[in-house]
Amino acid sequence: MTLRHAIGIDIGGTNIRAAIIDSDGNVAFKLKEATGDTPVETLHNILNILLSQRSWDVCGIGIAIAGLIDTSKGVVMRSPNIPKLTGINIKSEVEKSYKGLVLTENDANAAAFGERFTGAGKNLENFVLITLGTGIGGGIITGNNLLHVAAEIGHMSINANGKPCACGNVGCLESYASATAVIGNVISEIENETDSILKDLYNGNFYKITAEDIYKTALEGDPLARSVLREAGRNLGIGIANVVNILSPDAVILAGGLTGAWHIYVDAAIKEASKRALKELYNKVNIMPSSLGDDAGIIGAAKLVFEECE
Ligand SMILES: [Zn+2]
């Protein structure tokens, strides 16, 4: 059978990733640009480059976007991490330069579909992907298919009187367990003069600390980095227990830079989830890392296209 090709694009807060992908899920051509202050313009630049690649005749374009998406219209209803996209009709923007099939989806949903296609969820019928980055996102695969719901796992309340969240609620999971939360907690501990090797990074400008700095320092044994990650992990475990109790998945797949500290952050989450979830449901759950990493969104977005055009 001849392979078909589709374009997968993943619009995130930091980068727009895009690729031409074949119907076996292999990436044929890939590029990345910083999202910048004019994300729509960046998207048009990327489309120009992709559509000038005449070696591949694509059967459609799938676009994964960080935010709440009205997939029937292709409109971004709300994007806290890319505010300039709120209200933008991404489908119409793409149709200015491409006249074929254009599909939109939330980024974590697309990533879950990508993991189902060629990644860690390849042989799993029911699983939940949790993306742990600037925020926390979720995607649900049930009966081998993507559940087209919001799956905003990061905005699950885990503390009735907790920290305020950008969504307007208080006590959301992402305010306690995301990379942003971990960085914020480390900075406030350093401001309160808790000792850590992290305070000497960037010539003492510890406001520049990244999630990667924190998990690497934790792996080297820094007590502050370890305790902040463990606390974030315990909170993530509360979220996972809720997910397990509601959806009884076969697996929870975790994606994002913080999972680099698996034996600190994720082990704490597993321990907490095992204490809180219903035993009968928890016993059948595998908690595992994603295998596609940053490519999950583009691969999933392309797979959504293949479902329609194959
Ligand atoms: Zn929230």
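## Helix H5 and its surroundings

The buried residues of helix H5 pack against strand E8 (127-132), helix H4 (174-177), helix H6 (211-219) and helix H7. These buried residues of H5 are Ala179, Ala181, Val182, Ile183 and Val186, and one of them, Val182, is also among the residues that touch the most other members of the largest nonpolar core. The model described here is a predicted one.

H5 itself covers residues 179-191, and because its 13 residues should span 18 Å at 1.5 Å a residue, the 18 Å between its end C-alpha atoms agrees with expectation. Just after H5 comes Glu193, which takes a positive phi of about 70 degrees.

## Overall form

The protein has ten helices and twelve strands, and its C-alpha trace spans about 55 × 50 × 35 Å along the principal axes. For 310 residues, a compact globule would have a radius of gyration near 19 Å, so the 20 Å of this protein agrees with that form.

Of the 310 residues, 46% are buried. Among the contacts with a separation of 6 or more, 65% are made by residues 24 or more positions apart.

## The largest nonpolar core

Which residues touch the most other members of the largest nonpolar core? In this core of 92 residues, they are Ile9, Val182, Ile214, Leu229 and Val252. Helix H7 (residues 223-247) gives the most to the core, with eleven residues, and the core draws at least three residues from each of domain 1 and domain 2. In soluble globular proteins, nonpolar side chains tend to be buried together.

For Val252, leaving aside the neighbours within four places in sequence, the residues in contact are Phe127, Val128, Ile130, Ile240, Val243, Val285 and Ile287.

## Helix H7 and the residue that follows

Helix H7 has 25 residues and reaches 35 Å from its first C-alpha to its last, which is close to the 36 Å expected at 1.5 Å a residue. H7 is followed by Ser248, a residue in the loop between H7 and strand E11 (251-255).

Ser248 has a positive phi of about 35 degrees although it is not a glycine. Is Ser248 buried, exposed or partly exposed? Ser248 counts as partly exposed because it has 15 C-beta neighbours inside 10 Å.

Leu129 has its place in strand E8, and it is buried, with 32 other C-beta atoms within 10 Å. Apart from its neighbours within four places in sequence, Leu129 is in contact with Ala108, Ala111, Ala112, Glu115, Gly138, Gly139, Ile253, Ala255 and Ser290. Leu129 and Asn283, which are 154 residues apart in sequence, lie 18 Å apart in space from C-alpha to C-alpha.

Val305 is found in helix H10 (residues 296-309), and it is buried, with 26 other C-beta atoms within 10 Å. When its neighbours within four places in sequence are left aside, Val305 is in contact with Ala6, Cys59, Gly60, Ile61, Gly62, Leu101 and Leu103. Between Val305 and Ile63 there are 9.4 Å in space, C-alpha to C-alpha, although the two are 242 residues apart in sequence.

## An exposed loop residue

Asn144 lies in the loop between strand E9 (136-142) and strand E10 (145-146), and its phi is near 70 degrees, a positive value in a residue other than glycine. Asn144 is exposed, because there are 10 other C-beta atoms within 10 Å.

Notes:
Residues are numbered from 1 along each chain as its sequence is written. This is a predicted model: local features need pLDDT of at least 70, side-chain atom pairs count only at pLDDT 80 or more; totals for chains, interfaces and linings use all residues. A nonpolar core is a set of buried Ala, Val, Leu, Ile, Met, Phe, Trp, Tyr and Cys residues joined through C-beta atoms within 7 Å. A residue is buried if 20 or more other C-beta atoms lie within 10 Å of its own, exposed if 12 or fewer, and partly exposed in between; C-beta atoms are placed from the backbone. Helices (H or I, at least four residues) and strands (E, at least two) are DSSP runs, numbered from the N terminus. Domain bounds come from an automatic or database domain assignment. Two residues are in contact if their C-beta atoms, placed from the backbone, lie within 7 Å. The radius of gyration is taken over C-alpha atoms; the globule rule is 2.2 Å times the number of residues to the power 0.38. The expected span of a helix is 1.5 Å times one less than its number of residues.
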